[in-house]
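Let's take a walk through this model, one piece at a time. Keep the 3D view open and follow along.

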Amino acid sequence: MGIMKHKMGVIGFGGMAGWHYTVMEKYDRCEMKGVFDLDPRAMERAAEKGLYCYKSKEELLSDPEIDSVLVATTNDAHKSLVIEAMAAGKNVICEKPVTITSAELEEIMEAEKKYGKVFTIDQNRRVNYDFLLMKRTVEKGLLGDVYVIESRVEGSRGMPSGWRTLKDLGGGMMLDWGVHLIDQLMYMYSDQKVTNVFCKMYRIQYPEVDDNFHLTMMFENGVTAHIEVATNNYITHPRWYVLGKTGTLQIDDWGNTGKVVRCIDKEDKWAEEIVYTKAGPTKTMAPRNENSTETIMLEEKFDVPDDMRVVYDQFYDAVEGKADLTITSSQALRVMKVMEAAFRSDEKGTAEQVYI
Ligand SMILES: NC(=O)c1ccc[n+]([C@@H]2O[C@H](COP(=O)([O-])OP(=O)(O)OC[C@H]3O[C@@H](n4cnc5c(N)ncnc54)[C@H](O)[C@@H]3O)[C@@H](O)[C@H]2O)c1
(Lines give C-alpha, C1' and ligand atoms only; values in the text may rest on other atoms or scores of the structure.)
Protein backbone atom coordinates (compact mmCIF):
# COMPACT_ATOMS: atom_id res chain seq x y z
CA MET A 1 0.00 0.00 0.00
CA GLY A 2 1.27 3.47 -0.92
CA ILE A 3 1.60 6.37 1.51
CA MET A 4 -1.74 8.03 2.26
CA LYS A 5 -1.87 11.47 0.72
CA HIS A 6 -3.75 14.41 2.15
CA LYS A 7 -6.61 15.54 -0.05
CA MET A 8 -7.13 19.19 -0.83
CA GLY A 9 -10.20 21.05 -2.01
CA VAL A 10 -9.69 24.43 -3.67
CA ILE A 11 -12.07 27.38 -3.49
CA GLY A 12 -11.29 29.84 -6.30
CA PHE A 13 -9.59 28.23 -9.29
CA GLY A 14 -8.03 31.21 -11.09
CA GLY A 15 -4.47 31.91 -12.15
CA MET A 16 -2.84 31.27 -8.78
CA ALA A 17 -4.76 28.07 -8.05
CA GLY A 18 -3.66 26.83 -11.48
CA TRP A 19 -0.06 27.36 -10.35
CA HIS A 20 -0.78 25.46 -7.13
CA TYR A 21 -2.11 22.61 -9.28
CA THR A 22 1.16 22.49 -11.27
CA VAL A 23 3.33 22.57 -8.13
CA MET A 24 1.19 20.01 -6.36
CA GLU A 25 1.73 17.58 -9.21
CA LYS A 26 5.38 17.48 -8.05
CA TYR A 27 4.43 17.17 -4.37
CA ASP A 28 4.15 13.80 -2.70
CA ARG A 29 2.19 14.53 0.49
CA CYS A 30 -1.04 15.90 -0.93
CA GLU A 31 -3.17 15.77 -4.03
CA MET A 32 -5.74 18.24 -5.25
CA LYS A 33 -9.08 16.45 -5.35
CA GLY A 34 -11.55 19.04 -6.53
CA VAL A 35 -12.50 22.67 -6.79
CA PHE A 36 -15.33 25.11 -6.47
CA ASP A 37 -15.35 28.45 -8.30
CA LEU A 38 -18.20 30.88 -8.93
CA ASP A 39 -17.08 31.26 -12.54
CA PRO A 40 -18.11 28.36 -14.82
CA ARG A 41 -15.03 28.99 -17.03
CA ALA A 42 -12.79 28.26 -14.06
CA MET A 43 -14.75 25.08 -13.39
CA GLU A 44 -14.23 24.03 -17.00
CA ARG A 45 -10.47 24.51 -16.65
CA ALA A 46 -10.56 22.37 -13.51
CA ALA A 47 -12.56 19.64 -15.25
CA GLU A 48 -10.03 19.57 -18.10
CA LYS A 49 -7.34 18.77 -15.53
CA GLY A 50 -9.41 15.87 -14.24
CA LEU A 51 -10.34 17.62 -10.99
CA TYR A 52 -13.70 16.98 -9.36
CA CYS A 53 -16.06 19.96 -9.79
CA TYR A 54 -18.14 20.61 -6.68
CA LYS A 55 -21.51 22.22 -7.29
CA SER A 56 -21.23 24.46 -4.27
CA LYS A 57 -18.73 25.38 -1.58
CA GLU A 58 -21.00 23.55 0.87
CA GLU A 59 -20.58 20.33 -1.12
CA LEU A 60 -16.80 20.77 -1.08
CA LEU A 61 -16.70 21.57 2.63
CA SER A 62 -18.83 18.56 3.54
CA ASP A 63 -16.70 16.08 1.59
CA PRO A 64 -15.16 13.92 4.35
CA GLU A 65 -12.23 12.98 2.10
CA ILE A 66 -11.05 16.58 1.98
CA ASP A 67 -8.87 17.35 5.02
CA SER A 68 -7.38 20.60 3.76
CA VAL A 69 -8.76 23.55 1.87
CA LEU A 70 -6.91 26.12 -0.21
CA VAL A 71 -8.66 29.49 -0.43
CA ALA A 72 -7.42 31.20 -3.61
CA THR A 73 -10.24 33.58 -4.47
CA THR A 74 -10.07 37.34 -4.82
CA ASN A 75 -9.00 38.94 -1.54
CA ASP A 76 -12.44 40.19 -0.49
CA ALA A 77 -13.73 36.62 -0.09
CA HIS A 78 -10.83 35.17 1.94
CA LYS A 79 -12.11 35.90 5.44
CA SER A 80 -15.55 34.33 5.25
CA LEU A 81 -14.36 31.31 3.26
CA VAL A 82 -11.48 30.59 5.65
CA ILE A 83 -13.81 30.77 8.64
CA GLU A 84 -16.44 28.59 6.97
CA ALA A 85 -13.82 26.00 6.05
CA MET A 86 -12.47 25.85 9.60
CA ALA A 87 -16.04 25.62 10.97
CA ALA A 88 -16.50 22.62 8.67
CA GLY A 89 -13.49 20.98 10.33
CA LYS A 90 -10.93 21.60 7.59
CA ASN A 91 -7.33 22.77 7.92
CA VAL A 92 -6.79 25.80 5.71
CA ILE A 93 -4.14 27.43 3.54
CA CYS A 94 -5.15 30.93 2.45
CA GLU A 95 -3.60 32.92 -0.33
CA LYS A 96 -1.95 36.23 0.45
CA PRO A 97 -2.87 38.87 1.41
CA VAL A 98 -4.64 36.85 4.07
CA THR A 99 -7.35 39.53 4.35
CA ILE A 100 -7.90 43.15 3.38
CA THR A 101 -7.78 44.49 6.96
CA SER A 102 -6.25 43.45 10.26
CA ALA A 103 -9.75 43.40 11.83
CA GLU A 104 -10.78 40.68 9.35
CA LEU A 105 -7.68 38.69 10.20
CA GLU A 106 -8.45 38.99 13.90
CA GLU A 107 -11.84 37.37 13.19
CA ILE A 108 -10.03 34.50 11.47
CA MET A 109 -7.71 34.18 14.48
CA GLU A 110 -10.73 33.88 16.80
CA ALA A 111 -12.07 31.08 14.57
CA GLU A 112 -8.66 29.42 14.54
CA LYS A 113 -8.83 29.20 18.34
CA LYS A 114 -12.49 28.20 18.40
CA TYR A 115 -12.21 25.35 15.90
CA GLY A 116 -8.62 24.32 16.71
CA LYS A 117 -7.66 23.88 13.05
CA VAL A 118 -4.30 24.45 11.39
CA PHE A 119 -4.26 27.70 9.45
CA THR A 120 -1.45 29.10 7.33
CA ILE A 121 -0.90 31.65 4.60
CA ASP A 122 0.84 31.23 1.26
CA GLN A 123 3.80 33.52 1.92
CA ASN A 124 5.74 31.52 -0.65
CA ARG A 125 8.27 34.29 -1.31
CA ARG A 126 10.12 33.52 1.92
CA VAL A 127 11.95 30.89 -0.13
CA ASN A 128 12.68 32.97 -3.23
CA TYR A 129 16.38 32.41 -3.91
CA ASP A 130 17.16 36.11 -4.36
CA PHE A 131 15.75 36.76 -0.87
CA LEU A 132 17.54 33.77 0.69
CA LEU A 133 20.81 34.91 -0.89
CA MET A 134 20.42 38.44 0.48
CA LYS A 135 19.42 37.18 3.93
CA ARG A 136 22.23 34.63 4.15
CA THR A 137 24.86 37.13 2.98
CA VAL A 138 23.74 39.73 5.53
CA GLU A 139 23.62 37.11 8.29
CA LYS A 140 27.14 35.92 7.45
CA GLY A 141 28.29 39.47 8.24
CA LEU A 142 29.83 40.03 4.81
CA LEU A 143 28.70 43.68 4.79
CA GLY A 144 29.35 44.49 8.44
CA ASP A 145 26.43 46.09 10.29
CA VAL A 146 23.59 46.62 7.84
CA TYR A 147 21.70 49.92 7.96
CA VAL A 148 19.72 50.09 4.67
CA ILE A 149 17.91 47.41 2.67
CA GLU A 150 16.32 48.36 -0.63
CA SER A 151 13.87 45.84 -2.07
CA ARG A 152 12.23 46.48 -5.40
CA VAL A 153 9.91 44.78 -7.82
CA GLU A 154 9.39 46.81 -10.97
CA GLY A 155 7.45 46.40 -14.17
CA SER A 156 6.30 48.83 -16.83
CA ARG A 157 3.15 47.22 -18.19
CA GLY A 158 0.73 48.70 -15.67
CA MET A 159 -1.50 46.52 -13.54
CA PRO A 160 -3.55 43.71 -15.02
CA SER A 161 -7.17 44.83 -15.40
CA GLY A 162 -9.88 43.14 -13.36
CA TRP A 163 -10.22 42.85 -9.60
CA ARG A 164 -6.68 44.07 -8.88
CA THR A 165 -7.83 47.56 -9.94
CA LEU A 166 -10.78 47.61 -7.52
CA LYS A 167 -10.49 48.69 -3.90
CA ASP A 168 -13.44 46.68 -2.55
CA LEU A 169 -12.01 43.43 -3.91
CA GLY A 170 -8.65 44.10 -2.26
CA GLY A 171 -6.82 45.45 -5.30
CA GLY A 172 -3.67 47.56 -5.46
CA MET A 173 0.01 46.81 -5.33
CA MET A 174 0.44 47.16 -1.56
CA LEU A 175 -1.87 44.21 -0.91
CA ASP A 176 -0.61 42.30 -3.95
CA TRP A 177 3.20 42.63 -3.86
CA GLY A 178 3.77 44.82 -0.81
CA VAL A 179 2.53 42.01 1.41
CA HIS A 180 5.32 39.71 0.13
CA LEU A 181 8.13 42.24 0.35
CA ILE A 182 7.16 43.44 3.84
CA ASP A 183 6.71 39.84 5.00
CA GLN A 184 10.21 38.92 3.79
CA LEU A 185 11.86 41.64 5.87
CA MET A 186 9.66 41.14 8.94
CA TYR A 187 10.47 37.43 8.77
CA MET A 188 14.19 38.24 8.48
CA TYR A 189 14.00 40.61 11.49
CA SER A 190 11.26 38.72 13.34
CA ASP A 191 12.64 39.76 16.75
CA GLN A 192 12.62 43.48 15.86
CA LYS A 193 9.66 45.84 16.04
CA VAL A 194 8.85 48.24 13.20
CA THR A 195 8.94 51.77 14.63
CA ASN A 196 8.22 54.11 11.69
CA VAL A 197 6.37 53.78 8.43
CA PHE A 198 6.24 56.32 5.62
CA CYS A 199 4.55 55.54 2.33
CA LYS A 200 3.78 57.42 -0.84
CA MET A 201 1.36 55.68 -3.15
CA TYR A 202 0.73 56.59 -6.77
CA ARG A 203 -2.43 56.02 -8.77
CA ILE A 204 -1.05 56.42 -12.26
CA GLN A 205 -3.23 54.13 -14.31
CA TYR A 206 -6.11 53.30 -12.00
CA PRO A 207 -7.70 55.95 -9.76
CA GLU A 208 -9.04 53.58 -7.08
CA VAL A 209 -5.94 51.75 -5.96
CA ASP A 210 -2.19 52.17 -5.58
CA ASP A 211 -0.61 50.87 -8.77
CA ASN A 212 2.86 52.01 -7.58
CA PHE A 213 4.24 52.79 -4.13
CA HIS A 214 7.38 53.75 -2.23
CA LEU A 215 7.48 52.59 1.39
CA THR A 216 10.09 53.33 4.04
CA MET A 217 9.96 51.36 7.26
CA MET A 218 12.36 51.45 10.17
CA PHE A 219 13.18 48.59 12.50
CA GLU A 220 14.22 49.19 16.09
CA ASN A 221 17.69 47.75 15.39
CA GLY A 222 18.38 50.77 13.15
CA VAL A 223 17.79 49.07 9.79
CA THR A 224 15.80 51.20 7.35
CA ALA A 225 14.01 49.32 4.58
CA HIS A 226 12.94 50.97 1.35
CA ILE A 227 10.39 48.96 -0.56
CA GLU A 228 9.24 49.96 -4.01
CA VAL A 229 6.64 48.22 -6.12
CA ALA A 230 6.20 49.69 -9.57
CA THR A 231 4.17 49.04 -12.67
CA ASN A 232 5.39 52.09 -14.57
CA ASN A 233 9.21 51.91 -14.46
CA TYR A 234 10.78 51.68 -17.90
CA ILE A 235 14.27 51.50 -16.42
CA THR A 236 14.66 49.24 -13.40
CA HIS A 237 16.86 49.16 -10.31
CA PRO A 238 18.40 45.96 -8.93
CA ARG A 239 16.03 43.63 -7.04
CA TRP A 240 18.14 44.11 -3.85
CA TYR A 241 20.61 46.82 -2.85
CA VAL A 242 21.92 46.60 0.71
CA LEU A 243 24.28 48.90 2.59
CA GLY A 244 26.41 47.66 5.46
CA LYS A 245 29.10 49.63 7.26
CA THR A 246 31.87 47.80 5.39
CA GLY A 247 30.25 46.58 2.21
CA THR A 248 27.46 46.89 -0.36
CA LEU A 249 25.37 44.07 -1.80
CA GLN A 250 23.59 44.02 -5.13
CA ILE A 251 21.34 41.30 -6.52
CA ASP A 252 20.02 42.27 -9.91
CA ASP A 253 17.25 39.82 -10.48
CA TRP A 254 15.36 36.75 -9.27
CA GLY A 255 17.78 33.90 -8.68
CA ASN A 256 20.75 32.86 -6.63
CA THR A 257 23.52 35.14 -7.93
CA GLY A 258 24.70 38.59 -6.94
CA LYS A 259 27.74 40.46 -5.69
CA VAL A 260 29.23 42.16 -2.68
CA VAL A 261 31.86 44.87 -2.83
CA ARG A 262 33.72 45.03 0.46
CA CYS A 263 36.09 47.59 1.85
CA ILE A 264 39.54 46.25 2.70
CA ASP A 265 41.31 49.60 3.18
CA LYS A 266 39.37 52.63 4.45
CA GLU A 267 41.85 55.05 2.75
CA ASP A 268 41.14 57.69 5.36
CA LYS A 269 44.25 59.57 4.32
CA TRP A 270 42.55 60.47 1.04
CA ALA A 271 40.65 63.17 2.85
CA GLU A 272 43.83 65.25 2.77
CA GLU A 273 43.95 65.65 -1.01
CA ILE A 274 41.52 67.26 -3.42
CA VAL A 275 40.97 65.14 -6.52
CA TYR A 276 39.88 66.63 -9.85
CA THR A 277 37.01 64.53 -11.21
CA LYS A 278 34.10 64.97 -13.64
CA ALA A 279 32.14 66.18 -10.63
CA GLY A 280 34.70 68.94 -10.15
CA PRO A 281 37.35 69.07 -7.44
CA THR A 282 36.19 66.80 -4.62
CA LYS A 283 37.58 64.63 -1.87
CA THR A 284 34.33 62.93 -0.89
CA MET A 285 33.31 61.67 -4.31
CA ALA A 286 36.77 60.91 -5.64
CA PRO A 287 37.21 57.40 -7.06
CA ARG A 288 38.77 54.80 -4.79
CA ASN A 289 42.06 53.11 -5.25
CA GLU A 290 41.28 49.82 -7.01
CA ASN A 291 43.03 47.73 -4.40
CA SER A 292 41.07 49.17 -1.50
CA THR A 293 37.99 47.00 -2.11
CA GLU A 294 37.32 43.41 -3.06
CA THR A 295 34.43 42.12 -5.15
CA ILE A 296 32.88 38.83 -4.08
CA MET A 297 30.64 37.14 -6.64
CA LEU A 298 27.79 35.41 -4.86
CA GLU A 299 26.28 32.13 -5.94
CA GLU A 300 24.58 29.86 -3.45
CA LYS A 301 22.78 26.56 -3.68
CA PHE A 302 19.72 26.20 -1.48
CA ASP A 303 18.31 22.90 -0.31
CA VAL A 304 14.67 23.98 -0.57
CA PRO A 305 12.58 24.31 -3.73
CA ASP A 306 11.76 27.92 -4.65
CA ASP A 307 8.00 27.30 -4.67
CA MET A 308 4.95 26.46 -2.56
CA ARG A 309 6.15 22.99 -1.55
CA VAL A 310 7.86 24.66 1.40
CA VAL A 311 4.57 26.24 2.44
CA TYR A 312 2.76 22.90 2.08
CA ASP A 313 5.44 21.05 4.06
CA GLN A 314 5.24 23.28 7.13
CA PHE A 315 1.42 23.09 6.89
CA TYR A 316 1.22 19.29 6.68
CA ASP A 317 3.90 18.91 9.37
CA ALA A 318 1.58 20.91 11.64
CA VAL A 319 -1.51 18.97 10.48
CA GLU A 320 0.30 15.72 11.31
CA GLY A 321 1.43 17.14 14.67
CA LYS A 322 5.13 16.84 13.76
CA ALA A 323 6.10 20.51 14.07
CA ASP A 324 4.74 23.98 14.67
CA LEU A 325 3.79 26.14 11.70
CA THR A 326 6.47 28.51 10.44
CA ILE A 327 4.01 30.81 8.65
CA THR A 328 1.45 31.92 11.21
CA SER A 329 -1.52 34.22 11.43
CA SER A 330 0.16 36.32 14.13
CA GLN A 331 3.08 37.02 11.76
CA ALA A 332 0.57 37.94 9.05
CA LEU A 333 -1.17 40.27 11.50
CA ARG A 334 2.02 42.28 11.98
CA VAL A 335 2.40 42.62 8.21
CA MET A 336 -1.27 43.69 7.87
CA LYS A 337 -0.71 46.34 10.55
CA VAL A 338 2.35 47.71 8.76
CA MET A 339 0.34 47.89 5.52
CA GLU A 340 -2.45 49.73 7.32
CA ALA A 341 0.11 52.20 8.70
CA ALA A 342 1.35 52.65 5.10
CA PHE A 343 -2.17 53.49 3.89
CA ARG A 344 -2.62 55.98 6.76
CA SER A 345 0.76 57.55 6.02
CA ASP A 346 -0.11 57.97 2.35
CA GLU A 347 -3.44 59.55 3.18
CA LYS A 348 -1.96 62.04 5.65
CA GLY A 349 1.32 62.65 3.84
CA THR A 350 3.25 62.13 7.07
CA ALA A 351 5.18 59.31 8.71
CA GLU A 352 3.39 57.02 11.16
CA GLN A 353 5.09 56.17 14.43
CA VAL A 354 4.20 52.60 15.29
CA TYR A 355 5.39 49.71 17.44
CA ILE A 356 4.45 46.62 15.45
N1 LIG B 1 1.30 33.72 -3.43
C2 LIG B 1 1.46 34.30 -4.60
O3 LIG B 1 2.59 34.44 -5.06
C4 LIG B 1 0.26 34.77 -5.38
C5 LIG B 1 0.36 35.09 -6.74
C6 LIG B 1 -0.79 35.49 -7.42
C7 LIG B 1 -1.99 35.60 -6.75
N8 LIG B 1 -2.05 35.30 -5.42
C9 LIG B 1 -3.32 35.43 -4.67
O10 LIG B 1 -4.20 34.40 -5.09
C11 LIG B 1 -5.56 34.87 -5.03
C12 LIG B 1 -6.20 34.69 -6.40
O13 LIG B 1 -5.50 35.46 -7.35
P14 LIG B 1 -5.53 35.10 -8.91
O15 LIG B 1 -4.43 35.84 -9.54
O16 LIG B 1 -5.59 33.61 -9.04
O17 LIG B 1 -6.94 35.75 -9.31
P18 LIG B 1 -7.94 35.21 -10.42
O19 LIG B 1 -8.86 36.34 -10.70
O20 LIG B 1 -7.19 34.58 -11.55
O21 LIG B 1 -8.74 34.03 -9.70
C22 LIG B 1 -9.64 34.24 -8.64
C23 LIG B 1 -10.78 33.21 -8.79
O24 LIG B 1 -11.58 33.24 -7.59
C25 LIG B 1 -12.93 33.07 -8.00
N26 LIG B 1 -13.80 33.55 -6.91
C27 LIG B 1 -13.93 34.81 -6.43
N28 LIG B 1 -14.77 34.83 -5.38
C29 LIG B 1 -15.15 33.54 -5.16
C30 LIG B 1 -15.97 32.92 -4.20
N31 LIG B 1 -16.59 33.61 -3.24
N32 LIG B 1 -16.13 31.57 -4.27
C33 LIG B 1 -15.53 30.84 -5.24
N34 LIG B 1 -14.73 31.39 -6.18
C35 LIG B 1 -14.53 32.72 -6.14
C36 LIG B 1 -13.06 33.84 -9.29
O37 LIG B 1 -14.18 33.43 -10.04
C38 LIG B 1 -11.73 33.51 -9.96
O39 LIG B 1 -11.81 32.35 -10.79
C40 LIG B 1 -5.49 36.31 -4.55
O41 LIG B 1 -5.67 36.34 -3.16
C42 LIG B 1 -4.07 36.73 -4.91
O43 LIG B 1 -3.57 37.75 -4.11
C44 LIG B 1 -0.96 34.88 -4.75
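Start at Pro-97, which sits in the loop between strand S5 (91-94) and H5. Keep in mind that what you're looking at is a predicted model. The peptide bond joining Lys-96 and Pro-97 is cis, with omega at about -15°.

On the H4 side, the contact is made by Lys-79, Val-82, Ile-83, Met-86 and Ala-87, while H5 brings Glu-104, Glu-107, Ile-108, Ala-111, Glu-112 and Tyr-115. Sort the residues of this contact by class and you get 7 nonpolar, 4 charged and no polar ones.

H5 also meets helix H9 (residues 329-348), where the axes come within 9 Å and cross at roughly 170°. H5 and H9 are therefore roughly antiparallel to each other, and H5 passes H9 in a left-handed crossing. Ser-102, Leu-105, Ile-108, Met-109 and Glu-112 make the contact from H5, and they meet Ser-329, Ala-332, Leu-333, Met-336, Lys-337 and Glu-340 of H9. Here the classes come out as 6 nonpolar, 2 polar and 3 charged residues.

Now for the sheets. S5 belongs to an open sheet of 6 strands, ordered S3-S2-S1-S4-S5-S6 with parallel pairing. Strand S3 (52-53) and strand S6 (119-121) are the edge strands, each pairing on one side only. Further in, strand S1 (residues 6-11) and strand S4 (residues 68-71) run parallel and are joined by 4 bridges; Val-10 has Leu-70 in S4 as its bridge partner. Helix H1 packs on this sheet, touching S1, strand S2 (30-36) and S4, and its direction makes about 155° with that of S2.

How many residues surround the ligand in total? There are 23, and the closest are Gly-12, Gly-14, Met-16, Asp-39 and Glu-95. The shell holds 10 nonpolar, 7 polar and 6 charged residues.

Then there's the other open sheet, with 9 strands in the order S16-S13-S12-S11-S7-S10-S9-S8-S17 and mixed pairing. Strand S16 (293-299) and strand S17 (352-353) stand at its edges with a single partner strand each, so one side of each has no neighbour in the sheet. The partner of S16 is an antiparallel one: 7 bridges join S16 to strand S13 (residues 257-263), and Lys-259 stands opposite Met-297 in S16. Helix H6 (residues 129-139) packs on this sheet, touching strand S7 (146-154), strand S11 (240-244), strand S12 (247-251), S13 and S16; the direction of H6 makes about 170° with that of S12. Helix H7 (residues 173-188) packs on the sheet too, touching S7, strand S8 (194-202), strand S9 (212-219) and strand S10 (224-230), and its direction makes about 150° with that of S10.

Technical notes
Residues numbered from 1 in each chain as written. Predicted model: local features only at pLDDT ≥ 70, side-chain atom pairs only at ≥ 80, totals over all residues. Pairing = 2+ DSSP bridges. Helix = DSSP H or I, 4+ residues; strand = E, 2+ residues; numbered from the N terminus. Contact = placed C-beta atoms within 7 Å. Axes fitted to C-alpha atoms, helices over the stretch in contact; angles between N-to-C directions. Near = placed C-beta within 6 Å. Nonpolar A, V, L, I, M, F, W, Y, C, P; charged D, E, K, R; others polar. Parallel < 35°, antiparallel > 145°, perpendicular 65-115°, else oblique. Left-handed = near helix turned anticlockwise from the far one by under 90°.
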